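Hi,

Here is the structure I promised to pass on. Have a look through it first, and my notes on the salt bridges follow below.

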Amino acid sequence: MERSLILLKPDCLRVGAVGEVLSRFEGAGYSIVACKMIQLDDIVLNEHYAHITHLSNFPDILEFMKSRPVIAMVLQGDNVIQGVRDLLGPTDSTKAPTGTIRGDLGTNSMQNILHASDGTDSAALEIERFFSSAELF
């Protein structure tokens, strides 16, 4: 069984799409094995987004991700990493097809409803960043 970290971003909570997103994940057969609401800070965000700190819009990303709490969760299931990414659609919501989460609910490449792990190595690191082993069920 594979696991993936999911962050329901501030825009997801702002537009009231949490239930819709969870329904799609559960409908695809994935199980929630950890879940909590958290307020992100600069320390966690700088670590989580270390690969994009060089981008000119990085300060905007930080402010957006701190603008309200997020819901962090771990999904588990067969091929969950690729399966979730298929459900999401492309990072840029304006390019995501109708029927994908980002295509139906997202606004742009930053306000795109969710973050999801992009591979098994990143999933392991991200899950450890946001959850202790005692919080995984």
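A salt bridge here means a side-chain nitrogen of Lys or Arg within 4 Å of a carboxyl oxygen of Asp or Glu. Keep in mind that this is a predicted model. Searching the whole structure turned up 6 salt bridges.

Let's start with Glu47 and Arg129, whose side chains meet in a salt bridge at 3.1 Å, N to O. This pair ties together distant parts of the chain: Glu47 sits in helix 3 (residues 42-48) and Arg129 in helix 7, 82 residues apart. Glu47 has a relative accessible area of 46%, so it counts as partly exposed. Arg129 is partly exposed too, with 25% relative accessibility.

Next up is Lys36, which forms a salt bridge with Glu135; their closest N and O atoms are 3.1 Å apart. Again the link is between distant parts of the chain, with Lys36 in strand 2 (residues 31-38) and Glu135 in the segment after helix 7 (120-130), 99 residues apart. Lys36 is partly exposed because its relative accessibility is 23%, and Glu135, at 30%, is partly exposed as well.

Then there's a local one: Lys66 pairs with Glu63, and the closest N and O atoms are 3.6 Å apart. Both residues lie in helix 4 (residues 58-66), 3 residues apart, or about one turn of the helix. Lys66 comes out as partly exposed at 26% relative accessibility, whereas Glu63 reaches 52% and so counts as exposed.

Cheers

Notes: Residues numbered from 1 in each chain as written. Predicted model: local features only at pLDDT ≥ 70, side-chain atom pairs only at ≥ 80, totals over all residues. Heavy atoms only, no water. Helix = DSSP H or I, 4+ residues; strand = E, 2+ residues; numbered from the N terminus. Buried < 20%, exposed > 50% of the residue type's maximum accessible area, 1.4 Å probe, protein only.
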